[in-house]
Amino acid sequence: MSITSRTLTRNCLRAGLAVFLLTGGALGCGPADPLNPQLPIDALQQAEGTGKDGDQTITAASQIVNRYAVLAAAAKPGDKTLTLSTVVGQGVDALMPLAPDDLLLIIQVQGADIDTSNSAAYGAVIDLLSAGRYEFIGVTSVDQASGTISVYSGCGGLKNSYDPSGHVQVIRVPQYKNLTVAAGAGITAPSWNGQTGGIVALQVRDTITVDGSIDVSGLGFRGGLRNPNTMQRTAGIGSYYRASNAMDGGNRGESIAGYVNEYKASGPFGRGAAANGGGGGNRIGAGGGGGAGGGDVSKWSGQGEMLMSVTGGTMAWPLDPGFDSNRTEFPGGGRGGYTYSSAALDPTMIAPGDMTWGDDFRRERGGLGGRPTTNDPTARLFLGGGGGSGDDYLSTSGAGGSGGGLVFIDARTVVGSGKITANGQSGQPATSTGSGAGGGGGGGTVVIAASGSIDNIGIFASGGTGGSQTAMTANAAGPGGGGGGGYVSISQSTTVMPLAAGGAGGTTASTDMVKFPRNGASDGGVGQVIQSALGPYAGAPYCSIADLALTMTVSPQQASEIDPVQVNLAVENLGPGLSGNVEVALDIPTGVKVSSIDAANWSCRQTTKQLICKLATLAIGTAPVVQVTLIPALGETELALTAKVSAPTTDPVPDNNTASVTLSNPTPLWARPAGGGFGCSTHGSSSTTSHGLWVLGISLLAMRLWPRRVRNPGVRLGLWR
């Protein structure tokens with residue numbers, strides 16, 4: 001049902017100055033949006049896009065629709081001005097033409113602080129700082145001469161802090177009404193170059209139809225470069241997780257902690273995995289580790305997944321020093337293969353590191369697989385990690401593969417027969433058996449926030465395959481580990497089945513390893529596919545003003561013993577704009593039980609202290625009521641209830657976000673029925689026998705039959721023992 005012009009006027013006046021600031025001086029009270037009659041077009045603003053770039057059809061391959069610049073000065077929450085680089089092609093000039101109400105994505109790509117000890121702990125994230133932080137915000141004005149951009153101030157300016165040393169991109173995001181990517185055509189991004197690239201971000205007001213492709217595969221963090229080495233080295237030396245000597249191993253892959261320049265301080269070579277970047281192969285001839293995408297970092301080991309199904313796996317893998325038969329999850333990149341060996345022995349019988357293998361004894365010294373990142377569409381997103389390079393001899397090693405990039409789509413409906421892809425790149429091969437191959441790149445990130453449906457399209461964010469050794473000679477060294485699977489977050493209204501598989505480890509063509517061609521190169525772990533991209537911009541910070549109001553009603557008006565109490569929580573969006581990712585939190589007093597929840601369209605979960613319900617999208621109007629049935633606590637003469645509504649949108653009237661009700665319970669019960677007997681509260685006895693419980697049950701029944709006026713609420717049922 002559409003709202004009247006009188007209602008529109010009332011909503012505009014409620015927001016007042018806030019909307020004036022949001023729209024850069026134009027108070028938004030236009031005609032209703034035909035697809036959402038409750039919402040005036042001008043009030044949409046950034047919340048769901050104005051469609052100002054019109055309808056667009058992509059008919060050619062590899063089209064770049066975003067524009068990219070570099071943040072030059074630190075920014076903090078509340079700032080309303082961005083200062084961009086003065087380097088030609090990285091400043092305001094790179095975003096032009098740029099106009100008021102254009103949409104920007106600000107994202108810090110790197111800057112995490114990591115452990116730099118010479119151990120397997122090398123690269124563990126100590127503090128993410130602002131790495132991965134991002135938000136969407138609109139433009140109010142552009143000053144090309146000073147290299148600055150003013151952004152929406154009505155929502156309080158920026159929401160996050162950004163540090164230029166962590167490489168912050170400022171990206172213009174097109175705002176289409178409808179977008180069609182024709183069959184055979186495609187949208188992509190420039191490769192991440194350490195400053196910009198690797199990201200496709202789209203805001204489509206209505207429908208995006210992908211019959212072609214949106215592809216950022218291999219455009220994320222860069223793989224470790226080949227580290228040429230012309231010198232023969234002493235066998236059996238060291239296990240270098242970090243080293244400054246170029247003879248001690250390959251380069252590790254790029255990560256959220258940086259790349260070559262950042263790694264120099266602790267040693268750029270060695271098998272240690274820097275955050276989501278794979279480690280380099282250790283001397284002599286070991287393979288590089290795979291980069292990582294999404295997953296649970298607490299379950300990371302760096303050893304990757306050792307599949308029994310590969311040739312020789314059932315006998316060879318249990319001989320591996322990193323084999324763990326008790327482990328069921330292997331998140332992150334795969335480990336690189338073993339060091340150089342020269343003897344023709346049976347790899348399914350003779351363990352790695354046995355000196356009879358000759359040369360460097362086929363030791364377990366491959367680069368460790370990268371650690372998965374904890375992506376969260378409401379706060380942080382990351383590029384896929386680069387794979388580590390193999391240890392080199394005579395420039396025959398393989399470089400690591402680059403990770404997958406990032407695709408972010410905010411739209412009402414996403415359909416089509418095409419693909420959205422953010423796979424990791426395969427590791428490069430080693431052309432001799434004296435060098436290691438490169439690890440595969442980690443899968444990238446795909447986030448699709450659709451208020452409608454997502455149908456038919458393919459979505460892929462898989463890890464790249466580890467590089468192989470291609471020379472068919474007698475000696476052997478390490479193939480590259482596979483890249484870990486990426487991260488996909490989509491809305492719940494979908495028929496698609498995204499894939500974030502781990503990449504396979506590489507193989508060697510050595511005639512000594514026919515029984516076990518993997519020669520120690522393991523697979524990357526499976527990534528993450530989550531239906532969590534709810535609401536506008538998947539819950540990321542953005543600028544939209546919506547006055548949310550919460551009303552709580554209870555029935556009956558007075559509690560009695562442990563009789564159920566019904567609580568209704570009604571949330572209303574008074575405008576002027578759309579709100580999303582609305583959260584209602586009802587505090588649960590100690591001892592109160594939640595008997596039932598009836599909340600259409602809401603997603604609810606209960607903790608020990610709160611009931612939390614979330615709603616993806618709320619236009620102007622009233623949301624479905626959250627109805628909760630509570631059982632009062634034992635022995636308490638009051639039932640005090642408080643609830644609060646919140647959302648990422650800016651609320652100009654926060655005073656109506658909280659509601660509280662206190663019910664009296666003049667006749668509290670001191671014990672409640674439990675499992676055929678009666679469980680006593682701490683107010684009564686905690687020690688009863690079967691006979692005592694039976695007597696207690698009869699006594700309680702008798703009490704319920706007595707007139708209420710003769711009861712004494714101070715009596716403890718624990719007296720019946």
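## Phe136 and Tyr537

Phe136 and Tyr537 are both buried. In this predicted model, their ring centres lie 4.6 Å apart with the planes at 35 degrees, so the pair is tilted. Phe136 belongs to strand β10, while Tyr537 sits in the loop between β23 and β24, so the contact ties together parts that are 401 residues apart in sequence.

The two residues also belong to one aromatic cluster, whose members are Tyr134, Phe136, Phe408, Tyr537 and Tyr542. Across the whole structure, the search finds seven aromatic pairs.

## Trp317 and Phe516

A further aromatic pair is formed by Trp317 and Phe516. Their ring centres are 5.1 Å apart and their planes stand at 90 degrees, so this pair is edge-to-face. Trp317 is found in the loop between α5 (313–316) and β18, and Phe516 in the loop between β22 and β23; the pair links distant parts of the chain, 199 residues apart.

Trp317 has a relative accessible area of 0% and is therefore buried. Phe516 is buried as well, with a value of 0%.

## Nonpolar cores

The largest nonpolar core has 72 residues, and the members that touch the most others are Phe136, Leu202, Ile208, Ile214, Ile409 and Ile448. Eight strands are listed as each supplying at least two residues of this core: β7 (103–108), β10 (134–143), β12 (168–173), β14 (179–181), β16 (199–210), β18 (406–415), β20 (445–450) and β22 (487–490). Strand β16 gives the most, with seven residues.

## Disulfide Cys155–Cys543

The structure holds two disulfides. A disulfide is a covalent bond between the sulfur atoms of two cysteines. One of the two joins Cys155 to Cys543, with the sulfur atoms 2.3 Å apart. The torsion about this S-S bond is about 85 degrees, so the disulfide is right-handed.

Cys155 lies in the loop between β11 (148–151) and β12, and Cys543 in the loop between β23 (528–530) and β24 (546–555). The bond thus links distant parts of the chain, 388 residues apart. Both ends fall under the 20% limit for buried residues: Cys155 counts as buried at 5% relative accessibility, and Cys543 is buried with a relative accessible area of 2%.

## Disulfide Cys604–Cys613

The other disulfide is between Cys604 and Cys613, with an S to S distance of 2.1 Å. Here the torsion about the S-S bond is about 110 degrees, so this disulfide is right-handed.

Cys613, at 2% relative accessibility, counts as buried.

## Arginines over aromatic rings

Two arginines are placed over aromatic rings. The charged end of Arg252 sits over the ring of Tyr263, at 5.5 Å from the ring's centre. Arg362 lies over the face of Trp357, and the distance to the ring centre is 4.5 Å.

Definitions and conventions: Residues numbered from 1 in each chain as written. Predicted model: local features only at pLDDT ≥ 70, side-chain atom pairs only at ≥ 80, totals over all residues. Heavy atoms only, no water. Core = buried A, V, L, I, M, F, W, Y, C linked by side-chain atoms within 4.5 Å. Buried < 20%, exposed > 50% of the residue type's maximum accessible area, 1.4 Å probe, protein only. Helix = DSSP H or I, 4+ residues; strand = E, 2+ residues; numbered from the N terminus. Disulfide = S-S within 2.5 Å. Phe/Tyr/Trp six-rings, centres within 6.5 Å; stacked < 30°, edge-to-face > 60°. Lys NZ or Arg CZ within 6 Å of the ring centre and 35° of its normal.
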